[in-house]
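Subject: Structure handover

Hello,

Here is the structure you asked for. My notes on it follow below.

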Amino acid sequence: MKHIYLGEGKGKTTAAVGLAVRCAGTGKKVLFSQFLKPATSGELEAMHDMENMQLLICPAEFGFTWNMREDEKADAAAVYERYLWDITRVVLQGNFAMLVLDEIIGACAAGLVDEAYLMDCLEQMPDDMEIVMTGRNPSESMLAWADYITEMRKIRHPFDKGIKARKGIEF
């Protein structure tokens, strides 16, 4: 089945991590990847040595998309295209029950990942593998593709008051 966790609220990655941990905890192999985030988040540390969990970390960080210049966006797009190709190659060589593409939707919405290329990669995936995608502003075609769609809606968040993300809570 195909899962999307979307919305402006906190919890998309947390939901994807929870599902990945549940899957790995039952003895099934999971490949977990992240776009748009630094490789220093607490969830990656927790999953790093987990049995049945393989992390494929993006080789570069680019910061917030709204702060990026056009040349930085072009650089990020090139890195993410290669990263998505690497993810696809690893899945096709392995025997994974689940693939998590954390923040891939946001990367597509920001123009850093070509959605047509993403969907071409996803079409190559095994039919019996769960695919989980997270992020803000999915396209209508992404929504039509999914079997599960869960929206996280922000009602209030400390960031709105200028409070920065806290280690162990937001990352």
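In which helix is Glu81 found? Glu81 sits in helix H3, residues 70–93 (helices are DSSP runs of H or I with at least four residues, strands are runs of E with at least two, and both are numbered from the N terminus).

This is a predicted model, in which local features need pLDDT of at least 70, side-chain atom pairs count only at pLDDT 80 or more, and totals for chains, interfaces and linings use all residues. Residues are numbered from 1 along each chain as its sequence is written, and side-chain values use heavy atoms, with hydrogens and water left out.

Aromatic pairs

The whole structure holds four aromatic pairs (rings of Phe, Tyr and Trp, the last by its six-membered ring, with centres within 6.5 Å; planes under 30 degrees apart are stacked, over 60 edge-to-face, the rest tilted). One of them joins Phe35 and Tyr83: the centres are 4.8 Å apart and the planes at 55 degrees, so this pair is tilted. Phe35 is in the loop between strand S2 (30–34) and helix H2 (42–47) and Tyr83 is in helix H3, so the pair ties together parts 48 residues apart in sequence.

Phe35 is buried at 0% relative accessible area, and Tyr83 is buried at 2% (buried is under 20%, exposed over 50%, partly exposed in between, with a 1.4 Å probe and protein chains only).

Phe62 and Tyr80 make an edge-to-face pair, 5.6 Å centre to centre with 75 degrees between the planes. Phe62 is partly exposed at 24%, whereas Tyr80 is buried at 3%. Ring pairs link Phe35, Phe62, Tyr80 and Tyr83 into a cluster.

Regards
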